[in-house]
Amino acid sequence: MAEPVTERLDLFSPYKMGKFNLSHRVVLAPMTRCRAVNGMPGAAHVEYYTQRSTPGAFLITEGTLISPTAAGFPHCPGIYREEQVEAWKKVVDAVHARGSLIFCQLWHVGRASHPVYQPGGTGEPISSTNRGISGRWRILMPDGKHGKYPNPRALQTSQIPLVVDDYRRAAANAIQAGFDGIEIHGAHGYLIDQFLKDGINDRMDEYGGPVANRCKFLMQVIQAVVAEIGPEKVGVRISPAIDHLDAMDSDPLCLGLAVIKRLNKLQVDLGSKLTYLHVTQPRYTAYGQTESGRHGSEDEEALLMRTWRRAYQGTFICSGGFTRELGMEAVAVGDADLVSYGRLFISNPDLVVRFKVNAPLNRYVRSTFYTQDPVVGYTDYPFLGESHGPMSRL
């Protein structure tokens, strides 16, 4: 008897992500764009996310601030005030009208901030530590110049539950705004990652030291959010092997496995899975790449990602420097269920269509990534067959 033919999966194979049915596996990655003047999503956000919506697609918003202390870039949207919730409703409704799903990424930058971004323009950023980010990194200031990161203030043990509750309330607000779920940003050197990485976390209390202690803050945030909105609406993003903003760990493989072990156990205890785990490839860095585009060998990266992917019991999303070909291969060989794209989606609002027909891509303009212009570098990239981008597609 002949062997049954197994269909080769690719980026355009349908996928069931928890309770959500996706028509393809190309995900809009969360990307800071600095267009939310005074922390408020506006009409430009409606157009930006609508342009990138296709039937059965999955979109994740830019990092969205959970509290007034959470910012580290100018003009990032928040979701801790009622008027922000109302503004996000317009974005969500427009995306849903196009047949897409959308999650809100909940974000606190921790020590990757500056007094100018703190309430009243004063005060120290909070973190797991009192140690600041090294001079290798520079912070983008409101005037468009770059400055030095200051020393943060280590959270007292008694203050940590208050921050956990900020995540819970932000998650509740996201659901109130109509989002299909939320992603907890535990990656890239921001607040949660500052607790996870032993190259940053120098605490002597129950949140520092052994990896079990360093995972505690993340797990408390997840548990609080799950209790508020349910596990089927919660995704988690981590980057154990990424050194962005000095976020280094002595054993990234084991750190990733420690997080995954706890996520798997939580899912068993709950009797329900989280929506997904989102992991950034080691080759990623927001400040550019090495000449080869890699920080370790290709084999080393593959071993890390495949080990985490095999260990996690649920939907696994990969991100970080993927091309169409790399994404197709990752899905085909089982290294990822879904692949998220950032910079390519910035300059190609119709990236899904272009990938499907293997069309040429627009080049992105890096100098317009973090500006406040509501059109240039944001909603003006042309669709396939257009010489100029649409000014409105609402």
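Helix 3 passes helix 6 in a right-handed crossing. The model described here is predicted. In this model, helix 3 and helix 6 pack at an angle of about 35°, and their axes lie 9 Å apart. Two packed helices are described by the angle between their axes and the distance between the axes.

**Contact of helix 3 with helix 6**

- On the side of helix 3, the contact is made by Ile 160, Val 163, Val 164, Tyr 167, Arg 168, Ala 171, Ala 172 and Ile 175.
- These residues meet Phe 217, Gln 220, Val 221, Ala 224, Val 225, Glu 228 and Ile 229 in helix 6.
- By residue class, the contact of helix 3 with helix 6 comprises twelve nonpolar residues, one polar and two charged.

**Helix 3 on its own**

- Helix 3 spans residues 160-176, which is 17 residues.
- From its first C-alpha to its last, helix 3 reaches 25 Å, close to the 24 Å expected at 1.5 Å a residue.
- The buried residues in helix 3 are Ile 160, Val 163, Val 164, Asp 166, Tyr 167, Ala 170, Ala 171, Asn 173 and Ala 174.
- An α-helix has 3.6 residues a turn, so residues three or four places apart point the same way.
- The buried residues of helix 3 pack against several elements, including helix 2 (82-97), strand 5 (101-107), strand 10 (181-186) and helix 6.
- Just after helix 3, Gly 178 adopts a positive phi of about 100°.

**Helix 6 and helix 7**

- Helix 6 (residues 216-229) packs with helix 7 (residues 252-270) at an angle of about 25°, and their axes are 11 Å apart.
- Because angles under 35 degrees count as roughly parallel, helix 6 is roughly parallel to helix 7.
- The crossing of helix 6 with helix 7 is right-handed.
- Helix 6 contributes Leu 218, Met 219, Ile 222, Gln 223 and Val 226 to this contact, while helix 7 contributes Val 259, Arg 262, Leu 263, Leu 266 and Leu 270.
- The residues of the contact of helix 6 with helix 7 comprise eight nonpolar, one polar and one charged.

**Ala 247**

- Ala 247 is located in the loop between strand 11 (234-238) and helix 7.
- Ala 247 has 1% relative accessibility and therefore counts as buried, since the cut-off for buried is under 20%.
- Not counting residues up to four places away in sequence, Ala 247 touches Gly 189, Asp 193, Lys 197, Ile 200 and Ile 242.
- Ala 247 and Pro 349 are 102 residues apart in sequence, and their C-alpha atoms are 31 Å apart in space.

Definitions and conventions
Residues numbered from 1 in each chain as written. Predicted model: local features only at pLDDT ≥ 70, side-chain atom pairs only at ≥ 80, totals over all residues. Heavy atoms only, no water. Axes fitted to C-alpha atoms, helices over the stretch in contact; angles between N-to-C directions. Helix = DSSP H or I, 4+ residues; strand = E, 2+ residues; numbered from the N terminus. Parallel < 35°, antiparallel > 145°, perpendicular 65-115°, else oblique. Left-handed = near helix turned anticlockwise from the far one by under 90°. Contact = heavy atoms within 4.5 Å. Nonpolar A, V, L, I, M, F, W, Y, C, P; charged D, E, K, R; others polar. Expected span 1.5 Å × (residues − 1). Buried < 20%, exposed > 50% of the residue type's maximum accessible area, 1.4 Å probe, protein only.
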